[in-house]
Amino acid sequence: MTPPAHSAREALVQYFRTDQLLGLKEVPVRLPQPRTSAPASCKKAVSAAAAAERAELLRVLDDDQVKKCTKCGLSESRGHTVFGQGSSAARLVFVGEAPGFEEDRQGVAFVGKAGQLLTRMIAAMGLSREEVFICNVLKCRPPNNRDPAADEIAKCSPYLYEQLAIIEPEVIVALGAPAAKTLLQTTQGIGRLRGRFHDFYLSGIEGIGPAIPLMPTYHPAYLLRSPGEKNKAWADLQAVMKRLGLPLPK
Ligand code: SF4
């Protein structure tokens, strides 16, 4: 008998709480398949025409600008640009730091080990990657996964702002310090920022224009290195679920 969807999610939640999940390297796991649709959808109730229009705007931004971009030196060392992917009508957007080796190779965001963990975190929320949107501050990989330089962030972040303006999510999750610092224009560390919502202004100027609630949390790559922090990240994601009206696990 096929288990009910909520049981699959609860199984994932339990799994997320165990060290097994964060020790993916050694453990060939076969997790329950995530639901393809949540009881409360994480896609906005926009018309098919509006969703298609947003998808087209994202495609044009990617094809006409990001893929051709040479604004910073990372264009010389990249394999592929990594625009991000997911639903153009997503209520929830995850923003990470920059593509890694596997992302650069495939041109897809969050597909390496950290990406596999993010996929499981999203599944534990009762969602699928296709229902949300996943992207990074930088669209090209810094060599050897070094930290993004300030000028690279300054040159690349307008693409991210444009993506967020097109999608207009209800909540943003910033994964790790570079994403949180860029979007909130702060120098505070992720340990101080996480755990509560902040206002993100699409205008880039505090107090100007509409604000989107932003939850900073730990990057999945950090959680792989520091499994003791996973409960904090899960608490952050539960706060996001509550904000979106998604059912919380018992
Ligand atoms: S990192 Fe961003 S600004 Fe730099 S080349 Fe790539 S797309 Fe352009």
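Analyst: Happy to! Let me start with pLDDT, the predictor's confidence in each residue, from 0 to 100. This is a predicted model, where local features need pLDDT of at least 70, side-chain atom pairs count only at pLDDT 80 or more, and totals for chains, interfaces and linings use all residues. Residues are numbered from 1 along each chain as its sequence is written.

User: Where does pLDDT stay under 50?

Analyst: Over residues 15-39, for which the model has 40 contacts beyond four places in sequence; two residues are in contact if their C-beta atoms, placed from the backbone, lie within 7 Å. Residues 1-9 also stay under 50, with nine such contacts. The chain's mean pLDDT is 86, and 84% of its residues reach 70 or more.

User: Why is helix 2 called roughly antiparallel to helix 6?

Analyst: Helices here are DSSP runs (H or I, at least four residues), numbered from the N terminus. Helix 2 (residues 48-66) packs against helix 6 at about 165°, with the axes 9 Å apart. Angles over 145 degrees count as roughly antiparallel, so helix 2 is roughly antiparallel to helix 6.

User: Which residues of helix 2 and helix 6 make the contact?

Analyst: Helix 2 gives Arg54, Leu57, Leu58, Leu61, Gln65 and Val66, while helix 6 brings Tyr159, Glu162, Gln163, Ile166 and Ile167. They divide into seven nonpolar, two polar and two charged. Ala, Val, Leu, Ile, Met, Phe, Trp, Tyr, Cys and Pro count as nonpolar, Asp, Glu, Lys and Arg as charged, and the others, Gly among them, as polar.

Terms used. Axes are lines fitted to C-alpha atoms, for helices over the stretch in contact, and angles run from 0 to 180 degrees between N-to-C directions. Helices (H or I, at least four residues) and strands (E, at least two) are DSSP runs, numbered from the N terminus. Angles under 35 degrees count as roughly parallel, over 145 as roughly antiparallel, 65 to 115 as roughly perpendicular and the rest as oblique.
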